[in-house]
Each structure stands twice: as C-alpha cells, then as structure tokens.
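Me: Please take me through the sheet and one of the helices.

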Amino acid sequence: MVNWVVSLAGPRRISLEPCPPDPLGPGQVRVRTRYSGISAGTELTLYRGSNPRLSKDWDDVSRMFVPRRSTVPYPLVGFGYEEVGEVVEVAPDVPDRRAGQVVWGIWGHRAEAVVPAGAVHPLSPDLDPLAAVFARPGAIALTAVLAGDLHLGDWVAVFGQGVIGLLATRLAVLSGARVVAVDRVPARLAHAARLGARIAVDAGAESAAAVLRRATGGRGADVCLEVSGAYPALHEAIRSTAHAGRVVAAGFYQGQADGLGLGEEFHHNRIQLVAAQVSGPTPAPGMAGRWTGARVAHTFMDLVAEGSVDPLPLVSHVVDASAVADALALLDRGDADALQVVLRFP
C-alpha cells in the first residue's frame, strides 16, 4: 500500500507525494482521511515562506524565538490541522475505539495517519463529517471570544470575516454581544449578517471606528477582536475601542508592524491589548484550571452538534487532494469567494 502526503518543497512549491504507511503500535489507531481543511492563516504563512519558524528556532525552555542553527527543514511534510476521517485499524490495547468510527483531530494533510488513540475524537453521528474540519478553526475563534471576556450587551467588533472571523462573530452573538462585523469583502459581510451581526462595515468604504462611535453614543466598542492578522486592521480596532477597553489580537501577524501606531489611540485611551493563541495550557489569562485547549475544541464541536453554530455554509471549495497546489494558489490570491477550502481524500 502507498500513503499520500502533502509536501512543501519551498515557498509556493506544493505537491501531493507518495510515502510508505506507518506501522501501528501500542495505544494507536490508523485513520483514513476523508477531509482535511486548509488554514488560510498559518498554512499560508508556510506556503509563502513568511512564517517565523522558517527563519528562526522556537526555544521551548525560554519560550523565545532564537537565531536558526540549521537550514530550513524542507520539505515540510504533512502540515495541516483540520482533519476528519475513519478509523480503519485499532491496536489490541485500545478499548474505546473501533474500526469504522468517524473521528476528528489533527494529523495533517495525508491520506492516512497512525496516531495515539486519545488524539482523535468521535464525531456525533448526526453531523456531516465535513463539519468536523472546523474543530480547530472553531477553537481558535472561541479562544478569541474567551480572551475578550465578553458580557451581555457589550458592543463587540470583529475585524476580519474569513472563516475564523465569521465563527467568532457567531460565537460573540451567542455570548450576548451586539456584534459589528468588519471586512472589505461584501459577500463575507453578508455571511456575518446571517450569523447575527447587527452592523456590517465595509472597511474599504468607511471607518469602523467612526461607525462604532456613532452606534455607541461616542463611546466606542467595549471589545474588539482582530482576527485578520493585518496590522492596519489592528490599528483600526484600537481606534474603535472605548477608553480602557480591550482589543484581542488573535491574527497571525507577519513581518514588521507597518500601519500600526501605538503612540496614538492605544496610548491615549489606555487600551488593553491581549494576545489570543489556541496552543498552550490555557486560552487566556485568568482561565487556568478551568479552560484548556481540549475543552475549547470540544465545546465548539458541542455547539455545532446542538445546532447553535452551523459551519457548513462556510465551505466554499472541496477539491481532490491531488489538486492541493491549485487550492493553495486560490487562497494565496485572496479570491473573494474563497472561504473554507477543503481537500478530499479518496
């Protein structure tokens, strides 16, 4: 048998390559992939060559980036974190998994994977398997909402209405917030309105800060969630926020901070700037002991299973895994109709 895995040989050099299947060991299961979603954030930074891990090493002890001591480890094989598949083989010492079970987890863009049994999670039988590719993006969105510490009646702006931004918009609405969606793509703003946003702001035509201050009697947003990863959007989120309010920076920002002026509203309005990042022991300060990454992901999937969140309308393209180069190029171009692009494995 031959396994297949997505391989990045260098910036914008992507392909589906054959590889040998891994042996099954104790405590493991073999999963055959049905769908693998492509991240338009982290994965594009690898595809474009802008991810800091390509030029620096991350030191786990100091929790700092340090100068790279070796060459970039191309090819990068099997990256990706939005997978759903079917268990096809189970180690004898695994009691709670069975062949035929549909599961979700993180094992990268590959036709099959051997993973620890505890790393995959059964999908509710009532759900379309395609919905499970949103487990990780949903966890990222929920992490941003939790970090925002939203309250009933808060005015909350969500900057960036890609997949994660739209999910954050829906989750903020469920939290009781009055949500303002900000983006430059009309179709995405229309999605946001269907998900419950009260106001949609075309950032290419008007100032989100001006809209927020009009809507709030001059005060500004209580919380802004910035998920686009664009420095000018982070600057506008800061401008849109009320005195002593909170901005959650949840985007994956690349390069130098062009367009971000911290000597302006950030300084004079004493804005609280909080980073949200899904990896780690807890989503945000103050949540240790209660919220973990696993709880965040399972909570999001519970909301999907109960019907509070329906991510399926955000799937814009499902393509065969052999067309991965075209799929990444589509996202790289920033096509307005591309939201969640999914690889389908046979």
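**Sheet and helix**

Reply: In this predicted model, three strands make up an open sheet, ordered E2-E1-E6, with antiparallel pairing. Strands here are DSSP runs of E with at least two residues, and helices are runs of H or I with at least four, numbered from the N terminus; two strands pair if DSSP finds at least two bridges between them.

Me: Which are the edge strands?

Reply: They are strand E2 (13–19) and strand E6 (76–77), and each of them pairs on one side only.

Me: How many bridges join E1 to E2?

Reply: Strand E1, residues 3–10, is joined to E2 by seven bridges, and the two run antiparallel.

Me: And what stands opposite Val5?

Reply: Glu17 in E2 stands opposite Val5.

Me: What about the numbering and the limits of the model?

Reply: Residues are numbered from 1 along each chain as its sequence is written, and side-chain values use heavy atoms, without hydrogens and water. Local features need pLDDT of at least 70 and side-chain atom pairs pLDDT 80 or more, while totals for chains, interfaces and linings use all residues.

Me: Now H2: is it mostly covered or uncovered?

Reply: H2 is mostly covered, with 13 of its 14 residues buried (under 20% relative accessible area with a 1.4 Å probe, protein chains only).

Me: What follows H2?

Reply: Asp149 follows H2, and its phi is positive, near 50°.

How values were computed
Buried means under 20% relative accessible area, exposed over 50%, partly exposed in between (1.4 Å probe, protein chains only).
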